[in-house]
Amino acid sequence: DRTPFDIPWWYRTNFGCERLKKGEHVSLEFDGLTYRADIWLNGQLVASKENVYGPFCRFSFDITDKVMENNVLAVQVFRAHIGEPNIGFVDWNPRPLDENMGIFREVRVVKTGSVDIKNTWVRSKVETESLKEAWLKIETTLENLSNQSVKGELKGSIEDISFSIPIVLKAKEERTISIDSDEIKQLHIKNPRLWWSHDMGNPELYKLDLKFVSDKTISDRTEINFGIRQIETYETASGHKGFILNGKKLTSKEDFQYF
């Protein structure tokens with residue numbers, strides 16, 4: 001019987017927030033919410049189901065003008081309907097009656113300065129013959145939450161590597177920044193500690209510390225662990241997909257067998 005899920009369901013919680021200082025902003029972040037939702041904070045609509053939808057989407061909302069010392073967050077969730085691209089199922093796994101509607105990952109309240117850092121990742125390229133060189137590319141998105149332009153520096157460090165890039169963001173501007181070894185020579189790594197699968201070596205990791213600084217104040221900061229590795233694919237003799245890690249096949253067999 002699907003009828004209990006033909007109507008929307010509610011999630012509700014309370015949370016506190018310290019009084020904001022000048023230049024501070026608060027964001028409400030959802031890492032997993034399906035399928036559609038109306039989001040309310042203290043009786044005010046933050047975002048509607050016309051814009052908040054999809055099975056594997058992440059959402060972030062600036063709630064600076066709505067947040068109070070004591071807050072009530074309410075989320076009204078609607079299930080997916082026929083024709084909407086939802087989480088898929090196969091014939092041996094019956095579809096859930098509610099179409100997986102609900103909040104299924106973390107919800108966060110995040111305080112930053114005027115500039116927010118998000119969606120940061122590091123991509124590596126390895127010289128697979130000698131394994132003695134690697135090149136890193138860093139990508140991150142900066143969003144100016146304020147109504148005026150912001151001038152500052154994007155500062156990063158990876159162990160003994162450090163860099164600083166001047167940035168000017170227009171009011172409400174969101175910009176993706178890419179940094180590679182052409183711009184920062186130190187991102188060309190000599191004799192890197194490579195990430196290997198457990199059966200081929202050690203899963204070595206590095207840490208990137210990235211922050212946006214304006215007027216000698218850290219607006220936002222993020223830290224991520226990453227491995228220096230290169231993954232490629234090839235087609236086996238039987239037409240299946242095989243994987244190559246740092247120039248070496250993940251299996252010693254020429255082909256795979258599936259049962």
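Visitor: What makes the 32 residues a nonpolar core, and which of them touch the most other members?

Guide: A nonpolar core is a set of buried Ala, Val, Leu, Ile, Met, Phe, Trp, Tyr and Cys residues joined through side-chain atoms within 4.5 Å; buried means under 20% relative accessible area, with exposed over 50% and partly exposed in between (1.4 Å probe, protein chains only). In the largest such core, Leu142, Ile158, Ile179 and Ile228 touch the most other members. This is a predicted model, in which local features need pLDDT of at least 70 and side-chain atom pairs pLDDT 80 or more, while totals for chains, interfaces and linings use all residues. Residues are numbered from 1 along each chain as its sequence is written, and side-chain values use heavy atoms, leaving out hydrogens and water.

Visitor: Which strand supplies the largest share of this core?

Guide: That is β13, with five residues. Strands here are DSSP runs (E, at least two residues; helices are H or I, at least four), numbered from the N terminus.

Visitor: What is Ile179 in contact with, beyond its neighbours within four places in sequence?

Guide: Its partners include Leu136, Leu154, Phe163 and Ile184, and also Lys137. Contact means heavy atoms within 4.5 Å. A second, separate core has 21 residues, Phe61 and Val67 among them.

Visitor: On to the rings. Why is the pair of Phe30 and Phe61 called edge-to-face?

Guide: Rings of Phe, Tyr and Trp (its six-membered ring) pair if their centres lie within 6.5 Å; planes under 30 degrees apart are stacked, over 60 edge-to-face, and the rest tilted. Phe30 and Phe61 are 6.5 Å apart, centre to centre, with 70° between the planes, so the angle falls in the edge-to-face range. Phe30 lies in strand β2 and Phe61 in strand β6, so the pair ties together parts 31 residues apart in sequence.

Visitor: Are Phe30 and Phe61 buried or exposed?

Guide: Phe30 has a relative accessible area of 1% and Phe61 has 16%; both values are under 20%, so both residues count as buried.

Visitor: And what makes Tyr206 and Phe226 a stacked pair?

Guide: Their planes are 20° apart, which is under 30 degrees, and the centre-to-centre distance is 5.8 Å, so they count as stacked. Tyr206 is in strand β16 and Phe226 in strand β17.

Visitor: How do you know that Arg193 sits over the ring of Tyr206?

Guide: The rule asks for NZ of Lys or CZ of Arg within 6 Å of the ring centre and within 35 degrees of the ring normal. The charged end of Arg193 is 4.2 Å from the centre of the Tyr206 ring. Arg36 likewise sits over Tyr53, 4.5 Å from the ring centre.
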